[in-house]
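Please look over this model with me.

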Amino acid sequence: MLGLIQRVSDASVVIDGQVHSEIGVGLLLLLGIQREDTLARGQKLLSKIVNYRVFNDEREYMNLSLLDVKGSLLIVSQFTLAADTHKGLRPSFSSAAPPKLAESLYNDFIEAAREFVRVETGRFGADMKLSLTNDGPVTFLLNS
């Protein structure tokens with residue numbers, strides 16, 4: 001499982017021209033689910049995300065986690081993160097999880113995250129427009 005996190009001042013998801021969800025201070029998570037991913041891998045990634053120290057403390061050091069700052073988490077499914085881009089000029093998605101498995105693991109991830117922080121989401125498989133103010137900019141690619 002791959003998670004691209006971006007520290008944001010605000011972020012939102014628009015679907016069919018309507019705001020579907022939005023957050024203030026927190027993390028935007030683009031979640032890529034691969035064929036070999038499991039619920040256990042999702043739990044490991046989730047723990048890393050909510051505890052990853054990417055927010056500034058009073059000395060301006062990245063010492064605080066999402067839990068510490070009581071921030072929100074906006075989770076958006078992003079199958080293109082699972083692309084193999086090693087050769088050629090067109091990405092291969094052979095390592096991406098099949099849609100049924102990916103949607104199930106995505107929903108399980110969301111439910112688990114709600115036990116720790118306020119969670120907003122995109123809609124699995126939808127054409128979405130994301131807006132965000134990346135604070136820093138601060139962006140990390142995490143995997144389980």
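1. Is Phe79 buried, partly exposed or exposed? Phe79 is partly exposed, at a relative accessible area of 49%. Buried means under 20% relative accessible area, exposed over 50%, and partly exposed in between (1.4 Å probe, protein chains only).

2. A word on the source. This is a predicted model, where local features need pLDDT of at least 70, side-chain atom pairs count only at pLDDT 80 or more, and totals for chains, interfaces and linings use all residues. Residues are numbered from 1 along each chain as its sequence is written, and side-chain values use heavy atoms, leaving out hydrogens and water.

3. Phe79 pairs with Phe93: the centres are 4.9 Å apart, the planes at 55°, and the pair is tilted. (Rings of Phe, Tyr and Trp, its six-membered ring, pair if their centres lie within 6.5 Å; planes under 30 degrees apart are stacked, over 60 edge-to-face, the rest tilted.) Both residues lie in the loop between strand S6 (72–77) and helix H3 (99–113), so the pair ties together parts 14 residues apart in sequence. Helices (H or I, at least four residues) and strands (E, at least two) are DSSP runs, numbered from the N terminus. Phe93 is partly exposed, at 32%.

4. Tyr106 and Phe124 also form a tilted pair, with centres 5.8 Å apart and planes at 45°. Tyr106 sits in helix H3, and Phe124 in the loop between strand S7 (118–121) and strand S8 (128–143). Tyr106 is buried at 2%, whereas Phe124 is partly exposed at 23%.

5. Now helix H1. Gly42, Leu45, Leu46, Ile49 and Val50 are buried there. On the other side of H1, Ala40 and Lys44 are exposed.
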